[in-house]
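Me: Hi! Could you walk me through this model? I'd like to start with the helices and then move on to the rings.

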Amino acid sequence: MPPAVATDALDAGPGAPGRPGDGRVRRRWPWRTALAAAGGLAMLLAFPGTSLTSLAVLGPAALALAVRGQRARSGAWLGLVLGLTFFVPLLSWSGEYVGAFPWLALAVSQALFLALLGAATAAVSHLRLWPLWTAALWVLDEALRGRLPLGGFPWGRLGFSQTDGPFLSLAAYGGVPLVGFAIALTGALLAAAVLALARAWRAGDGDPAGRGPAVRAAAAAVAGALAVPLLGAVAWLPLPGRSLTEGGPTVTVAVVQGNVPEAGLEFNARRRAVLDNHVQQTLRLAADVAAGEEAQPDLVVWPENSSDIDPLTNEDAARAISRAAGAVGAPILVGAVVDGPGEDISNTGIVWDPDTGPGDTYVKRHPVPLAEYVPARAFFRFFSDKVDLVRRDFAAGDEVGVLEMGGARVGDVICFEVVYDSLVADTVDAGAGLLVVQTNNATFGFTDESAQQVAAAQVRAVEFGRSVALASTSGISAVIAPDGSLVRSSQLFTSAVFVEEIAQRDTATVAQRLGGAPEWLLGALGAGAVLAVAVPALRARRGRR
């Protein structure tokens, strides 16, 4: 990896970069801002909607170039620009039926973390080996964003853009943090190559003797930028078989997408119709099994909110589910809203046996703030009365969702839980042989939210070497192989049933064995780089005082 380039190719003239009195630097600001905005757009294009996954590296590259040699406050502005350009369109689904304010508030809150990243990246941009520290800062920033505030919101992490390509395999070795680090490191090395080439070009006229070292630095940076994805491509080779049926005893899994009467927030106003849709699709599956057109499933997966009528207290709903389970001759994992504890309700997966009825349950452990529960309701109502659409708060579960059903150990995560590293990791650690994601995307309409969620599930499949069955009320439902490939997928707002034979795996990937260590280590590198700049600066300031 090349040493830091002494002169920033984007700075002009003598003097400290970003010095308030340097008019030439101020004239460069529009270009820096445009470059940061272009980086945000490149990151956006890497995600589902366009899925140009290779463009993800251009986001970190653009930010590294834009903030190079700038002060921290300038870096914060440029990081904010990149963040807004990325998050405002990426999260547009969050305002589909509730208006612009909640959407923009969420997007701005996430963009502020990239403003912090921009400030930190600018601060370390004159250190030796700065591409390494830059990439580590991306990991640290995403770790903070995934935890703060109110449990964080790790949607849109760099690693979740990689549904194919050479970076994806790295998920099996260090999870989503390692994938994000590799993308950011590649981008930072590309930025170093650009800066070195600019230095070589300037040296051609003023200092020909300096051209050789600059060209060599550029070549080294390009070689590094190529080596990282090459390493990812090579990392596929030692991984075990990656098809649905390899790696252990198989079970036949049916995924049912019953659809909803209409998109929007009022989809559950006709909650009996949603339940009936899933019952009817399961009865059709049973008829196809009887006719020999489909294999007999060992277990059936219904999505989140497939029964918003509590089947544990409502006999009519219970009879409907029992009828479906009895007809298909297999237990059904029902996504239900259950009364309790107390005045709260619970987002629950219930194993419904065809003979004995309801059995093991999993309660969602990370309800979504301001969507499934409202902290400080009076405060948030001041900004939007949409918080009152959440009439009763969802309680958080406290047990890992590994459920025994149909001869399988099913690891259940519900909706947004799929993007939280620890919630998926401890499910696999507890013995899940396959992963199930129960979700409801009806409240996001015909947006890219569902595709973004499927992409996160694809990365999880590679990270833990497990197949994933994703069941949605209204799409996109999917069956995902351990190599992250989509074996089956549905369309939005249609009914669909998938029946697939899936292996139960018990092997542990390197990522599973390491747990959160890669994130902690890489985050510590980024924090250490910031401290290496901040501590001497604070001492110097005290000395001047």
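Predicted model: local features only at pLDDT ≥ 70, side-chain atom pairs only at ≥ 80, totals over all residues.

Me: Which residues of helix 14 are buried?
Reply: Pro518, Glu519, Leu522, Gly523, Gly526 and Ala529 are the buried ones.

Me: And helix 12, what is its reach?
Reply: Helix 12 runs over residues 449-464, which is 16 residues, and reaches 23 Å between its end C-alpha atoms, close to the 22 Å expected at 1.5 Å a residue.

Me: How many residues of helix 12 are buried?
Reply: 15 of the 16, so helix 12 is largely enclosed by the rest of the structure.

Me: What follows helix 12?
Reply: Glycine 465 does, and its phi is positive, near 60 degrees.

Me: Nice. Now helix packing: at what angle do helix 3 and helix 4 pack?
Reply: About 145 degrees, with the axes 6 Å apart; helix 3 is residues 72-90 and helix 4 is residues 100-123. Their crossing is right-handed.

Me: Which residues of helix 3 and helix 4 meet there?
Reply: On the helix 3 side they include Gly75, Gly79, Leu80, Gly83 and Phe87, and on the helix 4 side they include Trp103, Leu104, Ala111, Leu114 and Gly118. By class, that contact has 17 nonpolar, 5 polar and no charged residues.

Me: Switching to rings. How many aromatic pairs does the structure hold?
Reply: There are 11 aromatic pairs. One of them joins phenylalanine 86 and phenylalanine 87, a tilted pair at 4.8 Å centre to centre with 55 degrees between the planes.

Me: Are phenylalanine 86 and phenylalanine 87 buried or exposed?
Reply: Phenylalanine 86 counts as buried because its relative accessibility is 0%. Phenylalanine 87 is buried too, at 1% relative accessibility.

Me: What about tryptophan 155 and phenylalanine 416, why is that pair edge-to-face?
Reply: Their ring centres are 5.1 Å apart and the planes sit at 85 degrees, so the pair is edge-to-face. It links distant parts of the chain, 261 residues apart: tryptophan 155 is in the loop between helix 5 (130-145) and helix 6 (171-206), while phenylalanine 416 is in the loop between strand 7 (408-414) and helix 11 (421-429). Both tryptophan 155 and phenylalanine 416 are buried.

Me: Which residues do ring pairs link into a cluster?
Reply: Trp93, Phe153, Trp155, Phe416 and Phe444.

Me: What is phenylalanine 47 in contact with, leaving aside its neighbours within four places in sequence?
Reply: With those neighbours set aside, its contacts are Phe86, Leu90, Gly156, Arg157, Phe160 and Ser161.

Me: Last one, valine 428: where is its place?
Reply: Valine 428 sits in helix 11, and it is buried, with a relative accessible area of 2%. Leaving aside its neighbours within four places in sequence, valine 428 is in contact with Leu435, Phe464, Arg466 and Gln512.

How values were computed. Residues numbered from 1 in each chain as written. Heavy atoms only, no water. Phe/Tyr/Trp six-rings, centres within 6.5 Å; stacked < 30°, edge-to-face > 60°. Buried < 20%, exposed > 50% of the residue type's maximum accessible area, 1.4 Å probe, protein only. Helix = DSSP H or I, 4+ residues; strand = E, 2+ residues; numbered from the N terminus. Axes fitted to C-alpha atoms, helices over the stretch in contact; angles between N-to-C directions. Left-handed = near helix turned anticlockwise from the far one by under 90°. Contact = heavy atoms within 4.5 Å. Nonpolar A, V, L, I, M, F, W, Y, C, P; charged D, E, K, R; others polar. Expected span 1.5 Å × (residues − 1).
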